[in-house]
Amino acid sequence: MGNTASATLTNDLKSAVDLATEKCSARLVEIRRDLHRHPELAFEEQRTAGVVAAELTRLGIEHRTGIGRTGVVGVVRGTRPGPVLAIRADMDALPIQEETGLPFASEFPGKMHACGHDLHTATLLGVGTVLQGLREHLAGEVRLIFQPAEEVVGGAKAMIADGAMEGVSMALSLHNRPEIPVGRFGIVHGPATSASDSFEIVVHGKSGHGARPYAAVDPIVAAAQLIGQLQTIVSRDVRALDACVVTVGSIHAGEAHNVIPDRCVMKGTVRTRQPEAREAAEQGIRRICEGIAAGLRVRCDVTYRHGTPALINDETVLQRTVAAIQAQIGDVADEYEPSLGGEDFAYMAQMVPAFRLLVGSSQPGRTDKVHNSNYQPDEGCIAFGVRALARTSLDLLR
Ligand code: NI
């Protein structure tokens with residue numbers, strides 16, 4: 001194909017995506033507001049899944065429900081054969097009482113779409129709408145993965161277990177980001193979110209009278225030293241260039257002021273971005289506990305649970321997404337800082353090259369944060385997300 005013909009096709013594609021997005025964007029806002037009014041918590045997304053399935057039916061997109069309990073998987077088939085690209089959106093809400101006072105505020109007490117997963121669901125429906133109309137430009141298939149239970153981490157695993165990722169060769173996802181203005185996007189190279197592990201340490205001593213500590217083994221004094229020493233993992237075990245957080249978030253021991261209890265229970269979280277740091281943190285916790293046990297005559301039982309791994313953005317998929325956004329919308333993607341939060345799309349990203357796009361969602365003049373009872377994103381981010389991800393799909397499956 002000559003340069004002129006190729007340029008014409010590219011321009012046609014740009015207009016086609018813009019036009020199709022424009023046509024469906026009012027409906028997507030309507031769907032988003034409906035979902036916002038009816039937020040459902042992790043693995044309870046029955047109504048949400050119903051809304052998604054009904055919309056896919058209306059669009060003529062074949063789909064299956066009940067994948068990963070309450071998830072939905074739709075398929076947009078190109079007219080030519082090719083690889084399978086998965087695009088994942090999460091659907092669950094948070095146990096937060098909404099305080100926005102918006103006309104479409106949550107009608108379910110104590111539940112709110114405070115992380116914008118309603119935006120994600122609407123955006124992915126929009127991507128499906130646009131691509132379904134442009135199937136003749138797709139070589140391969142786009143699998144639309146509507147995932148439950150991201151907030152409690154478990155939805156991605158459940159969907160993978162039910163085969164949602166079978167045959168997939170690359171994956172995309174999105175998250176709204178109110179720190180980025182609507183109309184712009186954020187990209188993070190490499191580790192984008194953190195591995196989120198938890199630990200429990202039970203310090204066993206020997207109870208006794210508070211006046212005679214020499215006749216007891218005090219787990220509280222041991223636990224107090226342990227907390228301080230655990231912080232040296234960040235400064236002395238993990239490579240200084242790597243990020244690591246060790247937080248003891250819960251500690252319980254004793255009842256009476258004059259009794260040494262027999263045990264102290266501590267719980268905490270570890271956040272890391274590199275596998276080496278994750279390994280160093282776990283080893284550090286175990287080693288320090290052994291040292292404290294030997295030094296202070298206690299016994300420490302350590303339970304270390306591996307949670308979500310770090311989400312590693314694939315550089316090739318990232319670059320191709322940025323190029324697609326550039327072609328479709330313009331120079332609107334900026335580098336963004338990685339997060340110490342967790343994201344279970346990481347499990348899908350462990351299977352295939354994957355990239356999670358951050359979609360700017362702040363209204364001018366507002367300083368919103370997600371997971372906040374007053375979160376009011378700019379709904380314009382839906383159409384921007386649709387254009388970016390639809391165009392990326394078309395370019396990846398050209
Ligand atoms: Ni979220």
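## Surroundings of Ala86

In this predicted model, Ala86 is in contact with Arg143, Ile145, Met165, Val168, Met170, Ala171 and Leu172, leaving aside residues up to four places away in sequence. Ala86 itself belongs to strand E3. Its relative accessibility is 1%, and because residues under 20% are classed as buried, Ala86 counts as buried.

Ala86 can also be compared with Ser169 in terms of position. The two residues are 83 residues apart in sequence, while their C-alpha atoms lie 7.9 Å apart in space.

## The nickel site

The nickel ion is coordinated by three residues: Cys115 through SG, His117 through NE2 and His175 through NE2, at 2.1 to 2.3 Å. Along the chain, these donor residues follow the spacing C-x1-H-x57-H. Cys115 is found in the loop between strand E3 (80–90) and H3, whereas His175 is part of strand E5 (residues 168–181); the pair therefore ties together parts that are 60 residues apart in sequence. Both Cys115 and His175 are buried.

## Packing of helices H3 and H10

Two packed helices are described by the angle between their axes and the distance between the axes. For helix H3 (residues 117–133) and helix H10 (residues 380–396), the axes come within 8 Å and cross at roughly 45°. H3 and H10 are therefore oblique to each other, and their crossing is right-handed.

On the H3 side, the contact is made by Leu119, Ala122, Thr123, Gly126, Val127, Val130 and Leu131. H10 contributes Cys381, Ile382, Gly385, Val386, Leu389, Ala390, Ser393 and Leu394. Sorted by class, the contact of H3 with H10 comprises eleven nonpolar and four polar residues, with no charged residues.

Key
Residues are numbered from 1 along each chain as its sequence is written. This is a predicted model: local features need pLDDT of at least 70, side-chain atom pairs count only at pLDDT 80 or more; totals for chains, interfaces and linings use all residues. Side-chain values use heavy atoms; hydrogens and water are left out. Axes are lines fitted to C-alpha atoms, for helices over the stretch in contact, and angles run from 0 to 180 degrees between N-to-C directions. Helices (H or I, at least four residues) and strands (E, at least two) are DSSP runs, numbered from the N terminus. Angles under 35 degrees count as roughly parallel, over 145 as roughly antiparallel, 65 to 115 as roughly perpendicular and the rest as oblique. A crossing is left-handed if the near helix is turned anticlockwise from the far one by less than a right angle, and right-handed if clockwise. Contact means heavy atoms within 4.5 Å. Ala, Val, Leu, Ile, Met, Phe, Trp, Tyr, Cys and Pro count as nonpolar, Asp, Glu, Lys and Arg as charged, and the others, Gly among them, as polar. Donors are N, O and S atoms within 2.8 Å of the metal (3.2 Å for Na, K and Ca); water is not among the atoms, so sites may look incomplete. Buried means under 20% relative accessible area, exposed over 50%, partly exposed in between (1.4 Å probe, protein chains only).
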